[in-house]
Amino acid sequence: MTAEDPFAHLHDEDYARAFSRDWTAWRDLLDPGGRACLPLDGDWAFTLDPFDEGLRQRWYALDDAAPETWTVPRDYDPGGAHTVPVPSCWNVLKPEWTHYEGAVWYAREFVHPGPDRDRAAILRFGAANYAARVFLNGVFLGAHRGGSTPFCLDAARALRRGANRLMVHVENRRRDDRVPMSHFDWFNYGGLHRCVGLYDLPAHHVRRACVRWRDGAIEVDAVLSPEASGSMRFRVPALGVDAPMAASNGGARARIPAAPELWSPERPKLYDVEIAFGEDVFRDRIGFRTLAVDGTRILLNGAPIRLKGACVHEDDAVRGRCTDDADIDRRLRHVKELGGNFLRLSHYPHDERVARRADAVGVLLWAEIPVYWAIDFANPDTYADAENQMLELVARDANRASVALWGVGNENADTDARFAFMARLAEAARRADPTRLVSAACLVNREKFRIEDRLAAVLDVVGLNEYFGWYEADPRDLRRLLANSDPGKPVLVSETGADALAGLRANDGRLFSEEKQAGFYVDQVAILRECAYVQGLAAWLLYDFRSERRQTRFQRGWNRKGLIAEDKTTRKLAFGALRDAWADWR
């Protein structure tokens with residue numbers, strides 16, 4: 001029995017083993033690769049379970065008998081459950097669920113032709129916040145923790161011909177040993193908040209592939225189904241590439257000379273790529289580009305680039321953390337209308353469609369995991385959770401040209417335990433993907449007014465969160481901080497901003513007014529552009545978002561630092577002020 005599963009002793013050996021520390025690993029991830037699936041989105045039965053009675057009473061193993069046929073009473077009745085959409089966040093579906101944190105059960109039926117020994121059946125969940133346990137026809141398939149990355153499970157051993165019942169136990173309790181821990185500055189939405197699908201693939205298939213351009217050649221690293229071997233073909237029709245590959249023991253690698261047009265925000269060129277392996281064909285649209293650091297400069301395709309944009313939370317006044325294509329396109333359009341080329345996806349992995357759309361329209365991204373504030377840095381299991389989330393994010397977005405930086409943490413005090421934890425995490429990200437830059441949003445020494453976080457030594461780009469002119473009243477202290485610092489590598493202002501309630505107007509420097517916020521950004525840009533090692537700015541932030549920590553009369557449960565209000569339409573004065581201030585900052 002583990003602290004994570006106090007009920008393991010009540011269940012069979014296989015079930016108890018599944019709740020050990022051997023959670024679903026990132027190596028099992030399936031990239032859809034353009035292949036069709038049986039979508040399992042739509043209406044699901046939904047039952048609150050605040051005391052985890054469903055685990056104790058084995059709700060997942062109950063039949064669907066109508067209550068009038070029961071010989072003994074039950075505490076779970078699928079026919080009496082609420083009906084909710086998937087994907088969704090339960091907090092926005094009913095007022096009484098708004099602040100619920102705990103366990104729930106999702107259940108639905110689907111029809112399937114049944115298992116086939118020559119086919120693989122893989123369940124893929126886009127995300128479940130925070131921990132999920134999955135049962136198919138009463139059989140435990142596996143578990144996953146981490147609320148924002150996809151996970152996959154083998155469904156073949158439990159599939160039936162005809163009707164099948166899928167049940168998912170999801171819980172979003174805030175805990176000190178989790179990532180994020182119990183204290184954070186956004187809303188704790190819960191639920192199956194991204195798509196669910198069942199993939200029917202040949203037994204030997206491509207699980208995922210990393211395709212990138214480096215030193216004059218396209219490098220292909222494919223992960224296949226276990227022990228798969230045989231001949232493959234890698235094709236990029238627009239480049240005239242049609243090359244053989246040899247698969248052995250579940251993997252294949254190749255290096256193929258090519259001269260693609262390189263991807264950039266100004267010209268986001270994408271190529272159709274495919275990998276054929278037996279009956280399976282993996283497809284993707286991929287941009288090729290290079291990223292590097294040269295002294296204090298960030299280089300894209302060998303040329304210096306300044307990153308200008310905003311941070312954004314995956315938060316919606318109506319849908320919570322759920323998103324759709326229109327919402328994604330809106331945030332990308334808004335950052336471009338701001339005159340920007342960059343978004344920081346705060347503070348957890350966003351929907352995978354964001355990076356795909358950013359590839360298409362030409363917006364660079366900082367993608368991160370929620371190693372936020374006072375994580376339990378001394379706990380090995382907390383580190384394992386963080387590293388797994390990092391590796392799942394890297395594996396998911398390996399082919400996205402828009403993803404430029406991996407963020408390994410945000411505003412963590414510089415302790416020995418934290419340094420060991422995050423230095424190890426940065427190295428794990430770099431090993432998994434040596435083609436992108438690693439960063440973290442660091443704090444500063446407020447006594448010396450200096451950037452001197454020890455973590456900077458293991459980062460490619462130093463992220464600087466600073467609010468001079470807001471939480472620190474005098475914006476001129478920013479100039480003092482920059483003059484006192486000599487990081488020897490690029491610095492990106494990863495957060496800066498000021499609250500403003502949309503419609504609150506005052507010309508007297510009043511806090512929370514639109515004029516105060518607009519003036520803040522004018523002052524910031526004027527100071528930052530004087531510093532040679534500062535290579536960009538991510539305004540905090542694009543839209544107002546829910547945060548229960550914020551309870552002044554101006555906030556009422558919302559962080560009001562957005563350049564645009566929570567309706568994602570009403571622009572504050574700061575939007576235009578920032579756009580104009582940095583227009584010629586090259």
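The model is predicted.

**Stop 1: the nonpolar cores**

Select Leu343, Val371, Met390, Phe421, Leu425, Leu482 and Leu578. These residues have the most contacts inside the largest nonpolar core. That core has 105 residues. Nonpolar side chains tend to be buried together in soluble globular proteins.

Now pick out Leu482 and show what surrounds it. Which residues does leucine 482 contact, leaving aside its neighbours within four places in sequence? They are Leu464, Ile527, Leu528, Cys531, Tyr533 and Val534.

Next, select Phe46, Tyr106, Leu123 and Leu159. These four are among the members of a second, separate core. This second core has 30 residues.

**Stop 2: asparagine 412**

Go to the loop between β24 (403-410) and α6 (416-432), where asparagine 412 is placed. Is asparagine 412 buried or exposed? It is buried, because its relative accessibility is 1%, and the cut-off for buried is under 20%.

Show the residues around Asn412. Leaving aside neighbours within four places in sequence, asparagine 412 is in contact with Val371, Tyr372, Trp373, Phe377, Arg418, Met422, Leu443 and Asp453. Draw a distance to its backbone. A polar atom of the asparagine 412 side chain lies 3.4 Å from the backbone oxygen of valine 371.

Stay with Trp373, one of the contacts of asparagine 412. Tryptophan 373 sits in the loop between β23 (364-368) and α5. Check its backbone: phi is positive, about 55°, although tryptophan 373 is not a glycine.

**Stop 3: aspartate 381**

Follow the chain into helix α5 (residues 380-396), which holds aspartate 381. Aspartate 381 counts as buried because its relative accessibility is 16%, where the cut-off is under 20%.

**Stop 4: lysine 308**

Select strand β21 (residues 307-313) and find lysine 308 in it. Lysine 308 is buried because its relative accessible area is 7%.

What does lysine 308 contact, leaving aside its neighbours within four places in sequence? Select Gly339, Gly340, Asn341, Phe342, Leu537, Trp582, Ala583 and Trp585.

Two of these deserve a distance label. A polar atom of the lysine 308 side chain lies 2.8 Å from the backbone oxygen of tryptophan 582. The side chain of lysine 308 also reaches the backbone oxygen of tryptophan 585, at 3.1 Å.

Lysine 308 and aspartate 508 are 200 residues apart in sequence. Their C-alpha atoms are 29 Å apart.

**Stop 5: the cavities**

Rolling a probe the size of a water molecule over the atoms shows where empty space is left. How many cavities of 30 Å³ or more does the structure hold? There are six.

Begin with the largest cavity, which holds about 180 Å³ of space. Its lining has 22 residues. Select Asn129, Tyr130, Pro180, Phe184 and Asn188, which lie nearest its centre. By class, the lining of the largest cavity has ten nonpolar, seven polar and five charged residues.

Move on to the second largest cavity, with about 120 Å³ of space. Val211, Arg212, Gly287, Arg289 and Arg436 are the closest to its centre, out of 15 lining residues. Now colour strand β11 (residues 206-214). This strand gives the largest share of the lining of the second largest cavity, four residues. The lining of the second largest cavity divides into seven nonpolar, three polar and five charged residues.

**Stop 6: backbone details**

Return to Pro180, in the loop between β9 (162-171) and β10 (196-202). Valine 179 and proline 180 are joined by a cis peptide bond, with omega about 10°.

Then go to leucine 541, in the loop between β28 (534-539) and β29 (545-546). The peptide bond from tryptophan 540 to leucine 541 is cis, and omega is near 5°.

Finish at asparagine 249, in the loop between β14 (241-247) and β15 (251-257). Its phi is positive, about 55°, although asparagine 249 is not a glycine. Asparagine 249 is exposed, because its relative accessible area is 65% and the cut-off for exposed is over 50%.

Notes: Residues are numbered from 1 along each chain as its sequence is written. This is a predicted model: local features need pLDDT of at least 70, side-chain atom pairs count only at pLDDT 80 or more; totals for chains, interfaces and linings use all residues. Side-chain values use heavy atoms; hydrogens and water are left out. A nonpolar core is a set of buried Ala, Val, Leu, Ile, Met, Phe, Trp, Tyr and Cys residues joined through side-chain atoms within 4.5 Å. Buried means under 20% relative accessible area, exposed over 50%, partly exposed in between (1.4 Å probe, protein chains only). Contact means heavy atoms within 4.5 Å. On a 1 Å grid over the protein atoms alone, a cavity is a set of points where a 1.4 Å probe fits but cannot get out, and a pocket is an open set with protein on both sides within 12 Å along at least five of seven lines; lining residues have an atom within 4 Å of a point. Grid points are joined across faces, edges and corners, and a volume is the space filled by probe spheres set on the points. Ala, Val, Leu, Ile, Met, Phe, Trp, Tyr, Cys and Pro count as nonpolar, Asp, Glu, Lys and Arg as charged, and the others, Gly among them, as polar. Helices (H or I, at least four residues) and strands (E, at least two) are DSSP runs, numbered from the N terminus. A polar contact is a pair of N or O atoms within 3.5 Å; within protein, one must be able to donate a hydrogen and the other to accept it, and residues adjacent in sequence count only if both atoms are side-chain atoms.
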